[in-house]
Amino acid sequence: MQATQTIEKPLTQVKSQKDLHKEVDASAAWSVSQIEALFALPFNELMFKAQETHRANFPDGDVELATLLSIKTGGCPEDCSYCPQAARYDTDVKANKLMDLDEVLEAARAAKAAGSNRFCMGAAWREPKDRDIEKVTAMIKGVKALGLETCATLGMLEANQALALQEAGLDFYNHNLDTSEDFYSSVISTRGYQDRLDTISNVRAAGMSVCCGGIVGMGESREQRAAFLARLANLSPYPESVPINHLVPVAGTPLEDQKPLDPLEFVRTIAVARITMPSARVRLSAGRQELGRAVQAMCFQAGANSIFYGEQLLTTGNPEAEQDRQLLAELGLKTKQSCKAEVLV
Ligand code: SAM
Ligand code: DTB
Ligand code: SF4
């Protein structure tokens, strides 16, 4: 049984990110009711706690820039209700084959030139075949050699596939829990929650960092949002990167008419993610265009310290890079320094 943690847990002193991550993880365990209690705090109280946690864990206060590239778009056999890439929904997305290595590297070079820290390659697969893994490992090696952090999101992974990606130099694997376990079955039926947890544990066992978050605003209750964050925060250790997507309701998907979540509830969700996963990079992900500048500014105050950067997510739009640079500059936010180029052996 996991130990519980009070909301009043004292802040950890400033230490290296790696130490903090291990230390916090050892004692972290959140009940759904504790997380609901955070959600229920007066707004300013919640924001204050989130800021305190953020400052104690990220003294540099920088924002990470991650650029996405859809290396294999559309035609996916899964039925995720939010996703424009599912073959069964009549959306504007056309299915494409896996991109060539050269095209991927060209996009990665452009991302690097625009100041990106991380390059994340996404594929609309239920799970990759072994021959896909071979092609993606060449991409990972090439992107890594440019001096970018690498991330991939290719669907479910077997242990040997995770190992092959890690050996190629993959730093992060993105695989989302997406929502709470009890809401999950109303969103996706073609694979289960446990399948997701199994992939995450294969990624960990292979020695890669985990990028795992989800989507809010799909019609879930606050309690279900709290349960979703509890699952993330209680992963042992909790993910190093936590993308929080706001649903982008795409025409043709079952969620096309979903009413948007109250923006303040979205900001609360970011704050609660920051408090419960103090040393994780909390990424303001899909849906930023719809949020607008003021809500995004509140999200940064609430502890978001990463964004998807570049005018395209996978198939939907994102703010222009220049617009984001201006927003960050206006808010006086620094961007994370890019990691150094690595020499391929
Ligand atoms: N096929 C792989 C998978 O499902 O893991 C990787 C790509 S999938 C598009 C990655 C994530 O994008 C999903 O888990 C979901 O959280 C997010 N996503 C997809 N469509 C979205 C939408 N319309 N709005 C917000 N987030 C979305
Ligand atoms: C994540 O959590 N969000 C990104 C990334 N991981 C792969 C994807 C967002 C996709 C939004 C819809 C689209 O552009 O197709
Ligand atoms: Fe396929 Fe991933 Fe979209 Fe689900 S979220 S339909 S698995 S591409």
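Is Tyr 184 buried or exposed? In this predicted model, where local features need pLDDT of at least 70, side-chain atom pairs count only at pLDDT 80 or more and totals for chains, interfaces and linings use all residues, residues are numbered from 1 along each chain as its sequence is written. Chains are lettered from A and ligands numbered from 1 in the order in which they are written, and side-chain values use heavy atoms, with hydrogens and water left out.

Tyr 184 turns out to be buried, with a relative accessible area of 3%. Here, buried means under 20% relative accessible area, exposed means over 50%, and partly exposed is in between (1.4 Å probe, protein chains only). Searching the whole structure turns up 1 aromatic pair. To pair, rings of Phe, Tyr and Trp (its six-membered ring) need centres within 6.5 Å; planes under 30 degrees apart count as stacked, over 60 as edge-to-face and the rest as tilted. Tyr 193 is buried too, at 4% relative accessibility.

Now for the charges on the surface. Lys 97, Lys 129, Arg 131 and Lys 135 come together as a positive patch, while Asp 100, Asp 102, Glu 103 and Glu 106 make up a negative one. Patch residues have over 30% relative accessible area and no salt bridge, with like charges joined within 9 Å and nonpolar side chains (Val, Leu, Ile, Met, Phe, Trp, Tyr) within 5 Å. A salt bridge, in turn, is a side-chain nitrogen of Lys or Arg within 4 Å of a carboxyl oxygen of Asp or Glu. Lys 129 sits in the loop between strand 2 (118-123) and helix 5 (130-145) and is partly exposed at 48%. Asp 100 belongs to the loop between strand 1 (62-72) and helix 4, and is partly exposed at 45%. Helices (H or I, at least four residues) and strands (E, at least two) are DSSP runs, numbered from the N terminus.

Helix 4 (residues 101-113) also holds Val 104, which is buried at 0% relative accessibility.

The peptide bond from Ser 236 to Pro 237 is cis, with omega near -5°.

Definitions and conventions. Accessible areas come from the Shrake-Rupley method with a 1.4 Å probe; for residues, only the protein chains shown count as cover. Lys and Arg count as positive and Asp and Glu as negative; His and the chain ends are not counted. The place of a charge is taken as NZ of Lys, CZ of Arg, CG of Asp or CD of Glu.
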